[in-house]
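Subject: Structure handover

Hello,

Here is the model we talked about, ready for you to open. My notes follow below it.

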Amino acid sequence: MASEESHNIKPPSEQSTTELIASAKLVAEAAQSALKRESDKVDKAKLADAAGDLLDAAGKYAKLDDKQGIGQYVDKAADYLHNYQGGGGGAPSQPAESKGEESGGGGGGLGGLANLAGGFFKK
């Protein structure tokens, strides 16, 4: 368990391959639990953080630009997942500037993807 807690402390750029594999394993186990209709057994806060770690790594290894293109959406999604608290409260509140982007319709439909991800964690 200490290794799971220690990977939360490091910035995404310093994630080791082992820590990323542990995150991928956690996400895969959660998917299996969901298919078995046992999603209540999943620690959703840890799952969200692990998924955020994977998105951070994908953005780093794909050399996505955080300021434009799909990289900005990957970065926002990773931040959203890292800020997820779990519990019955649902998804974290969004900053005012990101709310306007999603409802404006010009974001390419990725705002709907964030809503879909938030819906998964509400279950």
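This is a predicted model: local features need pLDDT of at least 70, side-chain atom pairs count only at pLDDT 80 or more; totals for chains, interfaces and linings use all residues.

Start with Leu 47, which sits in helix α3. Leu 47 is buried, because its relative accessibility is 5% and the cut-off for buried is under 20%.

On the α2 side the contact uses Leu 20, Ser 23, Ala 24, Leu 26, Val 27 and Ala 30, and on the α3 side Lys 46, Leu 47, Ala 50, Ala 51, Asp 53, Leu 54, Ala 57 and Tyr 61. Sorted by class, the contact of α2 with α3 holds eleven nonpolar residues, one polar and two charged.

Now the geometry of that pair. The axes of α2 and α3 approach within 9 Å, with a crossing angle of roughly 130 degrees. α2 is therefore oblique to α3. The crossing of α2 and α3 is left-handed.

The overall picture is quickly told. The protein chain has six helices and zero strands. Its pattern along the sequence is α-α-α-α-α-α. The chain has 123 residues, and 26% of them count as buried. Take the contacts between residues at least 6 apart in sequence: 59% of these join residues at least 24 apart.

Next, α3 and α4.

Helix α3 covers residues 44–61 and helix α4 covers residues 69–82. Their axes come within 7 Å and cross at roughly 155 degrees. How do α3 and α4 run relative to each other, roughly parallel or roughly antiparallel? They are roughly antiparallel, because angles over 145 degrees are classed that way. The crossing of α3 and α4 is left-handed.

The α3 side of this contact is made by Ala 48, Asp 49, Ala 51, Gly 52, Asp 53, Leu 55, Asp 56 and Gly 59, and the α4 side by Val 74, Ala 77, Ala 78, Leu 81 and His 82. By class, the contact of α3 with α4 has seven nonpolar, three polar and three charged residues.

Ala 51 and Asp 53 of α3 turn up in the contact with α2, and again in the contact with α4.

Then the core. The largest nonpolar core has five residues: Ala 48, Ala 51, Tyr 80, Leu 81 and Tyr 84. Two elements, α3 and α4, each give two or more residues to this core.

Ala 48 deserves a look of its own. This residue is in helix α3. Ala 48 counts as buried because its relative accessibility is 0%.

- Ser 33, in helix α2. That helix spans residues 17–35. Ser 33 is buried, at 17% relative accessible area. Leaving aside residues up to four places away in sequence, Ser 33 touches Glu 38, Ser 39 and Val 42.

- Gln 72, in helix α4. Gln 72 is partly exposed, at 23% relative accessible area. Its contacts, again not counting residues up to four places away in sequence, are with Asp 65, Asp 66 and Lys 67. The C-alpha atoms of Gln 72 and Gly 59 are 9.3 Å apart, for 13 residues along the chain.

- The loops on either side of α3. Arg 37 is in the loop between α2 and α3, and Lys 63 is in the loop between α3 and α4.

Arg 37 is not a glycine, yet its phi is positive, at about 60 degrees. Lys 63 is not a glycine either, and its phi is positive too, at about 55 degrees. Are their side chains buried or exposed? Arg 37 counts as exposed, with 74% relative accessibility. Lys 63 is exposed as well, with a relative accessible area of 73%.

Best wishes

Terms used: Residues are numbered from 1 along each chain as its sequence is written. Side-chain values use heavy atoms; hydrogens and water are left out. Axes are lines fitted to C-alpha atoms, for helices over the stretch in contact, and angles run from 0 to 180 degrees between N-to-C directions. Helices (H or I, at least four residues) and strands (E, at least two) are DSSP runs, numbered from the N terminus. Angles under 35 degrees count as roughly parallel, over 145 as roughly antiparallel, 65 to 115 as roughly perpendicular and the rest as oblique. A crossing is left-handed if the near helix is turned anticlockwise from the far one by less than a right angle, and right-handed if clockwise. Contact means heavy atoms within 4.5 Å. Ala, Val, Leu, Ile, Met, Phe, Trp, Tyr, Cys and Pro count as nonpolar, Asp, Glu, Lys and Arg as charged, and the others, Gly among them, as polar. A nonpolar core is a set of buried Ala, Val, Leu, Ile, Met, Phe, Trp, Tyr and Cys residues joined through side-chain atoms within 4.5 Å. Buried means under 20% relative accessible area, exposed over 50%, partly exposed in between (1.4 Å probe, protein chains only).
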